[in-house]
Amino acid sequence: MQKILALRPMAWWALFIAAVLTAPLWANDSLILLLVLAGLYGITAVGLDMLIGYAGQISFGQAGFIAMGAYGSALLSMNTDLAPWLTIPLAAIIVALCAWVMGAIILRLKGHYLAMATFAFGQVVFLLVGTLEVTGGASGLYGIPPLSLFGTDIVTPTQAFFLAWLIFAVCLFAALRIKDSRVGRALLALRYDETAASACGVNVHLMKTHVFALSALMAGIAGGIFAHYFSVVSADSFTVHLSILVMAIVVVGGMGTAWGTVIGTLLLTVVPGLLLTSTRYNGLLYGVIYIAVFLLFPQGIAGALTQFRDSARASPKKGDAAPSAPVASGQP
């Protein structure tokens, strides 16, 4: 176990890529479909992890950003000649700009006030897309054109799986690079003490606004892929339960670890789908997972594994010579 946890980052990436590339060989169609959703949730969770785990800000409105990306890309592709490859990033950028403006206002709030403000935003988006005529009202939008690559439509679960996990990997790589950068260190500084971070020259409010917009950008991309793969979007797909699920993925996986989003999304998306044949008991299973993880690993699974690895490295290895007591010179 210790040797596995001591693997270098490149080895972890190699394992990750190997698992993704070989997935169609060991997974059936239903599991692949679950992994498609896991990849989309993972993209959103990486953005939320940067907001919560890096910058220490909370959001219960990620479902709203996913919905904006999904409806935005769908409407653009259905009402213009733009291909989905263009409408997805275009819609995601619009979502990020909206989030930046909203973040500039609401990120002056702290703690549960910020949580309630983002929760209210998610509910407003849910009500709007479920009632406005342009979004199809309660029925939603149908017949959304699929993504196409070299003349082949991406319509099968395997094709969507590779696309979702490729973008998940890109987002994960970006999050890890940001964490090790000057920006990442600034975000971590304001997470622990905003006053001290400000004293060190960090523009706290601007930094929080930027990471809030970045998290919305990733959610918007996930929403766009969702819309063009399933060819239908409706408000029921973007309820507050989705925001809570993404939040749980980050917390269970381990906040601020980035790799924890992979663990969390597999544990909370794939495992319930494999164990339960009905969604009736999803809530019960989620509750058991939450309680078990929070009691056993308060810092999340990835956080606990990191702590275990660091403790193992710090402990003396078998066969190491015990440090000898210093001998004072001049003694008989």
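Helix α7 buries Ala160, Phe161, Leu163, Ala164, Trp165, Ile167, Phe168, Ala169, Cys171, Leu172, Ala175 and Leu176, where buried means under 20% relative accessible area, exposed over 50% and partly exposed in between (1.4 Å probe, protein chains only). Those residues pack against α2 (9-26), α3 (29-54), α5 (84-106), α10 (204-230) and α12 (260-275). Keep in mind that this is a predicted model, in which local features need pLDDT of at least 70, side-chain atom pairs count only at pLDDT 80 or more, and totals for chains, interfaces and linings use all residues. Residues are numbered from 1 along each chain as its sequence is written, and side-chain values use heavy atoms, with hydrogens and water left out.

**Overall build**

- The protein comes to 14 helices and four strands, taken as DSSP runs numbered from the N terminus (H or I, at least four residues, for helices; E, at least two, for strands).
- With a radius of gyration of 22 Å, close to the 20 Å that the globule rule gives for 332 residues, the protein is as compact as a globular protein of that length. The radius is taken over C-alpha atoms, and the rule is 2.2 Å times the number of residues to the power 0.38.
- Along its principal axes, the C-alpha trace spans about 95 × 50 × 40 Å.
- Buried residues account for 45% of the 332 residues.
- Take the contacts (heavy atoms within 4.5 Å) between residues at least 6 apart in sequence: 78% of them join residues at least 24 apart.

**Two helices, α7 and α5**

- Helix α7 covers residues 157-179, so 23 residues, and reaches 32 Å from its first C-alpha to its last, close to the 33 Å expected at 1.5 Å a residue. The expected span is 1.5 Å times one less than the number of residues.
- α5 also has 23 residues and a reach of 32 Å between its first and last C-alpha, close to the expected 33 Å.
- On α5, the buried set is Pro84, Thr87, Ile88, Ala91, Ala92, Val95, Ala96, Ala99, Met102, Gly103 and Ile106.
- The partners of those α5 residues are α4 (62-79), α6 (111-131) and α10.
- As background, an α-helix has 3.6 residues a turn, so residues three or four places apart point the same way.

**The core**

- The largest nonpolar core has 95 residues, and Ile43, Phe65, Trp165, Val233, Phe238 and Leu268 have the most contacts inside it. α3 gives the most to this core, with 16 residues.
- Such a core is a set of buried Ala, Val, Leu, Ile, Met, Phe, Trp, Tyr and Cys residues joined through side-chain atoms within 4.5 Å.
- Leucine 268, setting aside neighbours within four places in sequence, touches Leu245, Ala248, Ile249, Val252, Tyr286, Ile289 and Tyr290.
- Threonine 265 lies in helix α12 and is buried, with a relative accessible area of 0%.
- Beyond its neighbours within four places in sequence, threonine 265 is in contact with Ala38, Tyr41, Gly42, Phe168, Ile249 and Val270.

**Cysteines**

- The disulfide count is zero, using a cut-off of 2.5 Å between cysteine sulfur atoms.
- Cysteine 171 has its closest cysteine sulfur in cysteine 98, 19 Å away, too far for a bond.
- Cysteine 171 is buried at 7% relative accessible area, whereas cysteine 200 is exposed at 70%.

**Positive phi in loops**

- Most residues other than glycine have a negative phi.
- Serine 231 has a phi near 65° and is found in the loop between α10 and β4 (232-233). Its relative accessible area is 24%, so serine 231 is partly exposed.
- Alanine 258 has a positive phi of about 65° as well, in the loop between α11 (240-253) and α12. Alanine 258 is buried, with a relative accessible area of 1%.

**Aspartate 310**

- Aspartate 310 sits in helix α14 (residues 301-314) and is partly exposed, with a relative accessible area of 37%.
- Its C-alpha is separated by 37 Å from that of methionine 116, 194 residues apart along the chain.
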